[in-house]
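This report describes one protein model for a reader who has not seen it before. The sequence and structure come first, then the notes.

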Amino acid sequence: MFAGLDWMNGSPEAWAAWTQAVFSVLAICVAIVVPWRYRRRQHKAEAALERLKARSLALLATGACKQVVDGVGEVLELKGAGTHAIFFGEAARRAAKVPEELRRLIPQLPMLGRNGALLQDLILVLQGIESMQHAFDRKGVGHLRDPDDAFPFIGEQFELAMRLAEEIELRLSNLFDMRPLDGLDLAPSLAAPDRHRRQQAAGVRQD
């Protein structure tokens with residue numbers, strides 16, 4: 001029953017057998033833990049890289065959305081003092097152009113999830129507006145007494161483009177935690193100028 005405890009007798013053979021068993025167990029543990037830790041570090045590095053790519057993509061897309069907001073906003077302001085013919089003018093044609101930055105990002109938009117889907121919707125809306133403008137050109141201005149009758153929905157599409165661009169711009173700006181350099185605490189550095197201003201203000205009051 002106690003044959004397994006022969007090592008207590010101190011024989012060299014028993015000590016060698018137990019030493020070999022202990023090192024075998026340690027080797028198995030190392031063989032399991034080391035690859036696991038390596039895969040874990042690799043996964044974290046890959047996740048950080050994907051997050052950096054998505055953040056860069058979001059920054060580019062935010063700039064493109066701002067361009068759309070500015071252009072479409074100008075057209076909608078002009079509409080307040082005009083008719084649907086405004087939607088076929090030069091400003092409207094510029095506003096309906098999908099920004100080149102956004103066009104280049106199309107293959108990567110799935111990285112942004114739901115926001116990427118909204119960006120695709122925005123692109124489709126702008127392309128739809130552009131198609132209506134081309135149809136307007138083909139029919140000829142002289143043959144259309146009222147653009148409202150021929151293209152009754154173009155104004156709604158401009159408004160939809162504005163809502164989408166504003167929504168996406170807001171969502172992308174709040175998409176990432178803005179702690180710089182993976183949580184580097186810059187609070188003391190950021191607070192220093194504020195303390196300096198308070199000290200200056202206190203000195204002015206004392207004077």
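Arg37 sits in helix α1, which covers residues 12-79; helices here are DSSP runs of H or I with at least four residues, strands are runs of E with at least two, and numbering starts at the N terminus. The model is predicted, so local features need pLDDT of at least 70 and side-chain atom pairs pLDDT 80 or more, while totals for chains, interfaces and linings use all residues. Residues are numbered from 1 along each chain as its sequence is written, and side-chain values use heavy atoms, without hydrogens and water.

With 46% relative accessibility, Arg37 is partly exposed (buried is under 20% relative accessible area, exposed over 50%, partly exposed in between, with a 1.4 Å probe and protein chains only). Arg37 forms a positive surface patch with Arg40, Arg41 and Lys44. Patches take residues with over 30% relative accessible area and no salt bridge, joining like charges within 9 Å and nonpolar side chains (Val, Leu, Ile, Met, Phe, Trp, Tyr) within 5 Å. Lys and Arg count as positive, Asp and Glu as negative, and His and chain ends are not counted; a charge is placed at NZ of Lys, CZ of Arg, CG of Asp or CD of Glu.

Val33 also belongs to helix α1 and is partly exposed at 40%. Ile28, Ile32, Val33 and Trp36 make a nonpolar patch of about 410 Å², an area from the Shrake-Rupley method with a 1.4 Å probe, where for residues only the protein chains shown count as cover.

## The chain as a whole

The protein chain has seven helices and zero strands. Of its 207 residues, 27% are buried. Among contacts (heavy atoms within 4.5 Å) between residues at least 6 apart in sequence, 74% join residues at least 24 apart.

## Salt bridges

The whole structure holds five salt bridges, each a side-chain nitrogen of Lys or Arg within 4 Å of a carboxyl oxygen of Asp or Glu. One of them joins Asp137 and Arg93 at 2.6 Å, N to O. Asp137 is in helix α4 and Arg93 in helix α2 (residues 90-96), so this pair ties together parts 44 residues apart in sequence.

Another pairs Arg171 with Glu167 at 3.5 Å, N to O. These two are four residues apart in helix α6 (residues 154-173), about one helical turn. Arg171 is partly exposed at 32%, and Glu167 is partly exposed at 36%.
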